[in-house]
Amino acid sequence: KMQPQAVREHFPEATIMRLAPLVGVEDRLLNSYAFMTRRMPYVPLYDGGATKMQPVYVHDVVKAFVETLKFEESKGKLYEFGGPETYTVKELVALVEKTIREPSGSFNIPSSVGKLLDSPRSALQAAIPFPIPTHTMLTSDHIDELESDLLVDESSLGFKDLGIQPQRIDQGVPIEHVRFWRSGGYDFGSTFES
């Protein structure tokens with residue numbers, strides 16, 4: 001919460017944008033869940049996957065960015081952008097599994113255990129000067145991020161103030177890229193249905 005104030009001290013006319021997790025072709029949210037569903041024996045749901053978030057389609061954020069450039073009144077304002085639907089992490093994993101037609105491989109794990117499992121990697125990383133390849137969703141940093149909900153403040157400026165209706169991420173173009181994770185290609189995949 002202090003970061004916008006620090007920015008305003010140096011750049012009083014800056015337009016600040018806070019974003020919920022982004023969804024799009026190269027996203028690190030739905031693609032990560034699809035990767036883990038297809039390539040790992042399980043998808044970890046820290047603390048049961050109860051963290052809430054409002055994933056937002058990247059093209060909607062781009063539209064909002066362009067709109068703020070059009071109006072002088074946007075200067076010095078704070079906008080928060082999130083999608084129209086709220087999901088838990090568990091619901092997002094289920095959405096991805098259904099979209100790529102794979103059976104559920106999610107596994108509930110306490111955050112403390114997840115951090116403990118990451119501690120050898122963290123200790124080694126601190127001792128060497130180059131990064132250790134690991135999936136970001138398996139790190140203690142990611143687990144820390146999930147300790148609070150990733151939701152927009154409804155009282156803040158957002159899409160509605162710019163005349164933009166954000167798209168749902170569970171249908172149409174925003175989820176389209178996830179279908180390429182299906183076994184056998186886009187139009188195929190396993191016949192699993194929940």
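Arg 38 forms a salt bridge with Glu 102, the term meaning a side-chain nitrogen of Lys or Arg within 4 Å of a carboxyl oxygen of Asp or Glu. Because Arg 38 lies in helix α2 and Glu 102 in the loop between α4 and β8 (106-109), the pair ties together parts that are 64 residues apart in sequence. The model is a predicted one, in which local features need pLDDT of at least 70 and side-chain atom pairs count only at pLDDT 80 or more, while totals for chains, interfaces and linings use all residues. Residues are numbered from 1 along each chain as its sequence is written, and side-chain values use heavy atoms, with hydrogens and water left out.

| Salt bridge | Closest N and O atoms |
|---|---|
| Arg 38 and Glu 102 | 3.8 Å |
| Lys 70 and Glu 67 | 2.8 Å |
| Arg 168 and Glu 85 | 3.1 Å |

Lys 70 and Glu 67 both lie in helix α3 (residues 58-70), three residues apart, which is about one turn of the helix. Helices here are DSSP runs of H or I with at least four residues, and strands are runs of E with at least two, numbered from the N terminus.

Helix α2 (residues 30-39) also packs against helix α4 (residues 89-99), at an angle of about 65 degrees and with the axes 9 Å apart. The contact, meaning heavy atoms within 4.5 Å, includes Tyr 33 of α2 and Leu 92 of α4.

Methods: Axes are lines fitted to C-alpha atoms, for helices over the stretch in contact, and angles run from 0 to 180 degrees between N-to-C directions.
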